[in-house]
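Subject: Structure handover

Hello,

Here is the structure I promised you. Please open it alongside this note. My findings follow below.

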Amino acid sequence: MVRELIEAIGEQAVVWHDEDLLVYEYDGTIDRGNPDVIALPKTTDDVVNLIRIANRYDAPVTPRGAGTGLSGGALAAKGGVIIGMNRMSTILDLDVENKTALVQPGVVNLDLGAEAERHGLAYAPDPSSQRACTIGGNVAENAGGPHTLAWGTTTNHVLALELVTADGEVQWIGHETRDEPGYDLVGCVVGSEGTVGIVTQVLVRLVPRPTAVRTMLAVYDSVRQASDAVSAVVASGIVPAALEMIDKMTIAAVEPVLNTGFPLDAEAVLLVEVDGPESQVEAEGARVEGILNRFEPREVRSATDPEERETLWAGRKGAIGALGQIMPNYYLLDGVVPRTTLPDVLDGVYEIAERYRLPVANMFHAGDGNLHPCLLFDEREPGATERVLDAGGEIMRLCVDAGGAITGEHGVGLEKRDYLPWIFTEDDMDTMKSLRAAFGPTENFNPCKIFPKGHGCGEAGHQHAQHQIAKFGPKAFV
Amino acid sequence: MSISAPPPTTEPLWLTEDRPDAGELGLCVHCGFCLNACPTYHDLGVETDSPRGRIALMRGLDDGRIAWSPRVQRHFDQCLQCRACETACPSKVPYGRLMEATRAEAFAQQKWPRRQRLIWRLVMRGVFPYPRRLRLAGYGLKLYQRSGLQFLVRRSGLLKRLAPRLAEIDALSPSARRPFFANRDTAREPLRGAVRARAALVTGCMMPLAFPETHRATVRVFARNGVAVSAPGAQVCCGALHAHGGDVEAARLLARSNIDAFTPESDDLPDAILINAAGCGSHLKEYGHLLRNDPEYAQRAAAFAARVRDVHEYLVEVGFSPPAGRIERTVTYQDSCHLSHAQGIRKPPREVLRSIPGLTLSEMRTPDRCCGSAGLYSVVQSEISQRVLAEKMDDVLSTSAEQICTANPGCMLQLDAGIAQYDRQGRMMPRSTHAIELLDESYRLGDEVDA
């Protein structure tokens, strides 16, 4: 197969030596997968050829962008071919009047943002990994980000896409007008985590760049005060562009390296941003500030210049990586809960972490109720990984019990497939599987992702999750 | 598929104390934020040539999971060591240090081809450490250039056909500029006003021969601002190129000589050890780390490193009088990697430039992306270097700049080669320059107006 792949796209585009494959065994999570070969196409035709070759050898196909994902989506769980889309990285067209951009999937999120900015536009979804993550990966995972509170996640910004299906057919789905008659097939592909095909072109919606922005930092002495403030802001009817919470442990990691100005002894800080036309920003900013002040903050201050704003955001967006300063490994969770339950769920998260003797850092999209507890550990310590996974399971369970779900934006992937039965019945999952099958013979497409178990996925990976399920009862559906 | 890495199969492969530190390797959480910042990942589009990938390879070696094959070595060799990944890294993985450690091991284990090792011994150990031999080489180069031989060689294209690699080196070779800078020249410049500080200038290996004017400008600018600059006569090359290449033994020898030259065992240390070359500056600041296990020098090295200041950094630190001479010119500033990424100095050079009346700073899209010079990289990995340069020139020429300003001799040479190759409209006639030279020019123009 390797020989055929090389014949199809050239030697420079195929990685197959053992030592090189090592580099492709991980993404941003703690899971690993061992691919047999990596293929790096440059055109849609290349992708078609690669898929046909893989099909002939009945090899699993795993699409990969920049490998920054946080649910194991880009890992070759069953070996086979990883199709790395990073070399298809051209912005093909930017239509200023219609506010759209046609891009290849390997375009880096921030590069698209920068190009749009030159035309007074913006690409709204801004995951924390936006400096490196690709639009293709964003589409697969339906990526979010702090600024999706007002603008919606990736699915709200994809108008149409070119998909190479599992049998190697090229299909255009969607239309440049906002509202296409018929089923929302684009919506099915966005967030499908690479299980229905490979996206080779994306037509995205751009939004006007706000003329004014105000970023506020509010410092609180308790997480509860901060989360009450979040609820109050949202209840007021104002939709801030972003509403983020960062807790003490995160501040301890971020502050020494990034010098963001978050006070080290605060229990929680909120980062609130309002944007839009000048007058609106002024009015809403003042109202938000008033609300934040009601919950006895130690301080509320506004970033006065773009640089200061950038620094505050660097503290938020660099938070995950900075945790490496405290412990060598982290397990980043992604749960979503009804916003009103935030204070209680957070208390629960801290309680669970304490019980498992694990430091926990929280930095998350409070406005969306999208939690990101981050458990810190050292994988070299015997039993630590198991403890972390157990604690992670409990936290997920907590979110589900609060009426939430097991992922807000990172996807289910490999990591949380065993929790899927907590929120869906067998029937639900069968329906999803038949939708997947409607896209063609997809069983080799990113196998072992989203759905529990799956044929031939082996027991090795997520026994811990099985053991979680055993712990919480076999039919723990909500 | 497994949760953690498989257990090691063989013993670790490191031979020396300079090996990459396992704890520092462990800081990488493979988030991938570094990928897009890396010029070689950008160019080659494969993760084995990304910072995250190279760290995985180092870890693979450390765990004994992979063998140190020529293939692995190539991924290490292709790293520019620009350290843009360190700026992007939220975990602050000291990638530059890890790569130098890996190269030190590669050097000790003789992972390079024989010929390359031989050339290294001849040039890097045989010439660079000796100022007199360097000067001799400078005269040789001058003769080659003045005699018209270089012109003929380039014109005929003979070298390109016979030895294309040599032709590339020829294109990048600095033009030797007489009169060369001599360390005693520093004494000539009269000080203005009271002495505010005393600084010792690191004159380096190539700068006195190829960029003597930058040194003269440095001395004049600081003298005008009340800083007495001297240049210890016994100093040698700083050893940055040696350390980047993995020849830590030579790097340590040079570091010890310089510590002896600049801080002879007395309490009378200069207020600052000044350097106007970014690559050297970042290495000088690492002397403490380089000699950490040397019982005799460890402390002195740390004290030395603590006093090292880049010229822009020091100018802003001590404060400089605003220049008066107008320079009506648009320049673009290329952040030298070892100034921005390695030393975190981005604002001071721009502050210096903005202080000059009439001068406009036109920023490029990615001023802190490497130009491909990277010390010896432009010679050793010329193909990648040329592509990185092409992209840089594209960025440069999309600004309205008439001149490039940067902070390192390697960058100046590379960008000058870029101008010769890509500036078809001949917009950038003057060679690239150093901010300190522009500041000096403005001071002197101001004096002329006064006179």
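What radius of gyration would a compact globule with 478 residues have, and what does chain A have? The globule would come out near 23 Å. Chain A has 22 Å, so the two agree. Please keep in mind that this is a predicted model.

Chain A overall

The C-alpha trace of chain A spans about 65 × 55 × 45 Å along its principal axes. Of the 478 residues in chain A, 57% are buried. The chain holds 16 helices and 20 strands. I also looked at contacts in chain A between residues at least 6 apart in sequence. Of these, 72% link residues at least 24 apart.

A sheet in chain A

Four strands of chain A make an open sheet. Their order is β1-β2-β4-β3, and the pairing is mixed. Which strands sit at the edges? They are β1 (14-15) and β3 (61-64) of chain A, and each pairs on one side only. As a general point, strands of a sheet pair through backbone hydrogen bonds, either parallel or antiparallel.

Take β3(A) next. Its pairing with β4 (residues 81-84) of chain A is parallel, over 4 bridges. Within this pair, Val61(A) stands opposite Val81(A) of β4(A). A helix packs on the sheet as well: α3 (residues 44-56) of chain A. This helix touches β2 (37-39), β3 and β4 of chain A. Its direction makes about 175° with that of β4(A).

Where the chains meet

Domains of chain B

Chain B is divided into four parts: domain 1 (22-108), domain 2 (114-171), domain 3 (183-317) and domain 4 (325-450). I looked at domains 2 and 3 of chain B. Their C-alpha centres lie 27 Å apart. The contact takes 9 residues from domain 2 of chain B and 10 from domain 3 of chain B.

The largest share, 4 residues, comes from α8(B). By type, the domain 2 side has 6 nonpolar, 1 polar and 2 charged residues.

Strand pairs in chain B

Start from strand β1 (residues 197-201) of chain B. It pairs with β2 (residues 227-230) of chain B in the parallel sense, over 4 bridges. Here the bridge partner of Arg198(B) is Ala228(B). Strand β1(B) also runs parallel to β3 (residues 272-275) of chain B, and 3 bridges join these two. In this second pair, Ala199(B) has Ala272(B) as its bridge partner.

Best wishes

Methods:
Residues are numbered from 1 along each chain as its sequence is written. Chains are lettered from A and ligands numbered from 1 in the order in which they are written. This is a predicted model: local features need pLDDT of at least 70, side-chain atom pairs count only at pLDDT 80 or more; totals for chains, interfaces and linings use all residues. The radius of gyration is taken over C-alpha atoms; the globule rule is 2.2 Å times the number of residues to the power 0.38. A residue is buried if 20 or more other C-beta atoms lie within 10 Å of its own, exposed if 12 or fewer, and partly exposed in between; C-beta atoms are placed from the backbone. Two residues are in contact if their C-beta atoms, placed from the backbone, lie within 7 Å. Two strands pair if DSSP finds at least two bridges between them. Domain bounds come from an automatic or database domain assignment. Ala, Val, Leu, Ile, Met, Phe, Trp, Tyr, Cys and Pro count as nonpolar, Asp, Glu, Lys and Arg as charged, and the others, Gly among them, as polar. Axes are lines fitted to C-alpha atoms, for helices over the stretch in contact, and angles run from 0 to 180 degrees between N-to-C directions.
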